[in-house]
Amino acid sequence: MAKDAIRLELMKNAFAAIADEMAATVIRTARSSVIKEAMDFSTGLLDPQGNLIAQGLCLPVHMGSFPPTLSTVLEKFAGDIHPGDVFALNDPYLGNGLHLPDIFVFKPIFFEGRLLAYAAAIGHQTDIGGRVAGGNACDNTEIFQEGLRIPPLRVIAQGKPDPVFFDILRLNVRVPETVIGDVQATIAACTRGERALMTLAGKHGTDAIVADMASLLDYSEALTRAELAAFPDGTWEFEDFLDDDGFSEDAIRIFAKVIKKGSDITVDFTGTSPQVKGSINLPIAMTQSSVYACLRSIMDPALPTNSGFMRPIKVIAVSGSIVNPTSPAPVAARGLTSMRVTEAVWGALARMLPDKVFACGAQGDFGVTIAGYRKEGRPFVLLEFLFGTWGGRPNKDAIDALSSLAVNYSNTPVEIVEREQPIRIEEYGFRQDSCGAGKYRGGLGMVREYHLTHVDEAVLQVRSDRQKFRPYGLKGGNPGAHAGNVLKNLDGKRSALPGKFMRTFLRGETYRAELAGGGGWGDAYARAPELVWQDVLDEKVSRESAARDYGVSISDDGALDVAGTERLRLARRAAE
Amino acid sequence: MTIGAHRIAIDVGGTFTDLVVSNLDGSARTLKLLSTPDNYARAIADGLARLFEDGAIDPQGVGSLVHAFTVATNALLTGKGAKVALLTTAGFRDVLEIARLRMPQLYNMDWDKPRPLVPRRLRFEIEERMDADGAVVTPLNPASVIAALEKMREQDVDSVAICLLHSYINPAHERAVMALVRQHAPGLSISASHQVMPEIREYERTSTTVVNAFVKPVVETYLASVEEGIAGIGIRAPLMVMQSSGGIAKADIARAFPARCVESGPAAGAIGAAALGEFLGEANIIAFDMGGTTAKACLIEGGEPRLTDEMEVGAGINAGQRLLGGGGYLVRSPTIDLAEIGAGGGSLAWIDKGGALRVGPDSAGAAPGPACYGLGGTRPTVTDANVVLGFLNPLHLLDGDMPISLEAARKAIQEHVAGPLGLELHEAAWGVHAVADAAMTRAIQAVSSEIGRSPGDFSMVAFGGNGAVHGATLAAHAGISEIIIPPASGVFSALGLLFARIQHRLVAVCWYDIDKADCAALNTRAEKLFEDAAVLMAGEGVALDRRELQFTLDLRYAGQSSELAIPVKDSVLTSAALASAAAQFHVEHERTYGYCNRTERVQIVNLRLRARSLERQEHLPAPAELRRGAAAASVERPVYFGPESGWVTTRVIRRSDLTQTPQKGPLIVEEYDTTIIVPPGAQVHAATGTVRIRLGKG
């Protein structure tokens, strides 16, 4: 172990650097805003058995998905894998994929005739065909409506691209230049990973590299078990809800039970609602990934993220439930359910580790697609996922405007949207008073307004939620504000829209996405009045909310009214 | 600027202020003194006074004075800048605070976002709007500006940043707002985004403009104070400053656009390494600068340090930072591309919960310092490991100025590394040294293999206090076989300032598919760039025939968001010239990313012009003048070079003992402020003022 300790650190860095180098290649060569601006992609390195060895600094919730997808490739092509091959897939049922827009590519890496590893990448494609542009519609009822299904396929054979695959892909998507370019970017990343690992193998020898991969997995497992062992043993439950599936009014329950014993942990979703008619069913690979991301977030950030980390973790999801749907259930908009799964799991973890875990944030519930054709017939697809904020934390406020910890998504600059699409963004900012009050308050919700210009009409399709069930607070903190959808028509009239909808969007209309706020942590009346006052000065919190939600009085001239605050707080204590 | 005269370089860092004066005969004097953070100008004045006190140099004979400074960066890191207000387009008050939503590390619930430099209460919305083509959607309402100025007055704001949507394509509204500010609030310092950084992406432009506004008054005060000190000594030469891009310019550029100078100091070392390479006929270099707390790497290709378009101040030190932003204050400005890692001589070694040996990023700093300094430090550092291994003198450093306790170093490594891991002491020390090398390898990969360059095609120029201690072993790790140790490697960054040239970089945004580009329109934009460059160079006093103009096109495949810079020979763009640039782009894309698509649409995004002076220092200052301290007699000591070589009795010599005849390693070369390690199998010789190490094949 001793000399390994040094070797391990050296090789851990080397593998991680390769995965990051692959990620850098994707960013620099990709075409779509979804990948190059919002960074919806991942890269990884896997051993010949399909264990994840290293993950690029990309998208956490993709982490657990490389091993199960690669396993379907290995099953199909065992004994028939050669240098220069590239495999691709996207199908959730045949390939363990996440949903059709996420195209996976895998490239085997050989050195001196020996299979050493696989370089892998996922890119979220801007379009994958199907009935609704953007590939994230909520109202599909079977996967066949959702676009091109790619089973595990060899798309490059010993360096020769398969024209059949690329021709079919090109013909089936609305923006072929973008999609083919993005798939090439992920393949380029794998080639970069291949070169880098071959260089490493040339220096250290293949035997050593293979042995190092195995010890790195053991090392991560040891670190993970050490962390788990330090947590209390027991069982903790939490439930959260999705408003509906877009067809029925019924709420959908996500129920997570965390069972921790010694250095093992199980997350059991038994009790979660059955799969639904609409396309927010979450394929099992993504359910597992979501759990991994949550558990990873309560551990040392420096712990290497690989399959060793996953070994002590067990996920139970009943087949036919919304977290393990069966074919042909639609899954296009499953990202929403993935968010809610993480929130339910974090909720249970907060009961296990009350001093560590944050209240509920407003994560990436919103998926907005605006698509159509320009005058000259050229198609356009705007695809955006909107992220909001965190919940209040046990020792400090939430961070306003931050992506989900499970996704670490970025946003697309307004100026880029306006340059590339026939759309003007009218507003992008905070919603006053949308934060859940608490001793440590939740983050502010945000708004983003889209105005159609240049084209007469487009399709507007939105996936959102939290109009009925607000992001929860913890330890007496208030929930964050509801989310909302508002359409301003040509007469300037505003009307509320449901969480999940698709409609014609006319030139001159404005669609306003109102993201939920984050939940608060702890009793808002115990919040330092000074902090409330600062929020009022910044117009993040109104004077009315300060008085009502925090018991803090701000005088007309904007000063903190200490005596008034005491009166308000005493009055509430008396009322209790 | 007169090159024949004395030249002075002043490099002010957080800890040390380094001064170099070049003499008429090509020799140079150096001085290293502690910086004075309460007023950085004071150390400069003190240092200059000491350099001039013996009367050997006539202040009036000083032809130029080049300065790299850290006050802008420090103002950002400490939050002590101006009170800034932001004027922005209605609907976009929160762009600065929202930033890009990401955090620079995965899975950390405890992370904190940097506080915005302008709080929400000082971000004001202006009624106006342009579209992406620069057409007015909503005319500017002057009343909204005046109302904001009124509120700013109540809040005692002293600097204003103006950033309106799409101002990079049409700055008319920003100009009108500037005029209103001048009219109604004449005392305010103004930074407008179309001047500071006229490029697309509102967050990046806003952040850069706000940073500029935040540090501008601080930098103005500071430079005035430095100039006063210089004038006090009787120096008449104008003060020149180093920009983040590696070019120097009159101090006025730093007064107007201090955001362009935030990486002033680190740029100097890279420029020095590039200049050194040029003297030696080495065009491809990896500059490696290792100090007490961090190590930095920079790629120099074809004689030019590589540039990046943006950087973050205060983001912490992490190679992954290059992928994930959000940890610091973003500045978009041409900046010498440095990868920085938290590994230096003072970095602490520790065992993590999984039983792996780790080094850094925590550092023992100057106090308590490494255990071997005997200043109270007890935890093991990289320097302690190097003492235990015999790499560093086990009795003293700095020619006896600093006593070293081998015992303390051994104790620290034994207790915190060797004991817990069940290793022999020397194995543990070797582990610390090797893990530090591995971390620094990451920095080298970040500037080379990550962008498709093989480190083996480059020579390493190793400098900074610890650069030559780790240079050879690190080079072996990274696959580099040639190492160059420059003269005065401990103050090499200051020396680098002497080699910098006057330089300005200009950019014009132009979006075209290259095969459909309107050459006439492009040439109009290009002509404007050439005119602007001519004005700037005349302002710097650079004669017409001493100017070098480099014209490049930023090209990409349609839809990509990152461009490759393709140089163009002629200043007039013809369709043939564009076709040839496109062809070159495919080749460069293949080289950098491993593939290209010759049938695909190529877009022009920017025209760029770099104007620089040909004038600069023509030779290396003679190293003999730079060295101080007494020569020591040659001795030998046992040194542990890792499990393959084991303990080897190694000769210790002075730099002056080296000749052009290669000597075989193992060998240790000691001089006043640095120690050079030559491992077994390597060869070392002196060449034109430098020390060169060649690693054996293996």
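Which domains does the domain assignment of chain B give? Good morning, colleagues. The assignment gives domain 1 (6-73 + 220-253), domain 2 (76-215), domain 3 (503-613) and domain 4 (623-694). Please bear in mind throughout that this is a predicted model. Taken over C-alpha atoms, the centres of domain 1 of chain B and domain 4 of chain B are separated by 33 Å.

Let me turn to a pair of helices in chain B. Two packed helices are described by the angle between their axes and the distance between the axes. Here, the axes of helix α2 (residues 71-78) of chain B and helix α7 (residues 202-233) of chain B come within 9 Å, crossing at roughly 125°. Because of that angle, α2(B) is oblique to α7(B). The crossing in which α2(B) passes α7(B) is right-handed. On the side of α2(B), the contact is made by Val71(B), Ala72(B), Ala75(B) and Leu76(B). From α7(B) come Val211(B), Phe214(B), Val215(B), Val218(B), Val219(B) and Tyr222(B). By class, this contact has ten nonpolar residues, with no polar and no charged ones.

I come now to the contact between the chains. Chain B contributes 59 residues to the contact, and chain A contributes 70. On the side of chain B that touches chain A, at least two residues each are supplied by α3 (95-98), α7, β20 (357-363) and α12 (425-447) of chain B. Which element gives the most to that side? The answer is α12(B), with seven residues. By class, the residues of the side of chain B that touches chain A divide into 27 nonpolar, 16 polar and 16 charged. Thank you for your attention.

Conventions. Residues numbered from 1 in each chain as written. Chains lettered and ligands numbered in written order. Predicted model: local features only at pLDDT ≥ 70, side-chain atom pairs only at ≥ 80, totals over all residues. Axes fitted to C-alpha atoms, helices over the stretch in contact; angles between N-to-C directions. Helix = DSSP H or I, 4+ residues; strand = E, 2+ residues; numbered from the N terminus. Parallel < 35°, antiparallel > 145°, perpendicular 65-115°, else oblique. Left-handed = near helix turned anticlockwise from the far one by under 90°. Contact = placed C-beta atoms within 7 Å. Nonpolar A, V, L, I, M, F, W, Y, C, P; charged D, E, K, R; others polar. Domains from an automatic or database assignment.
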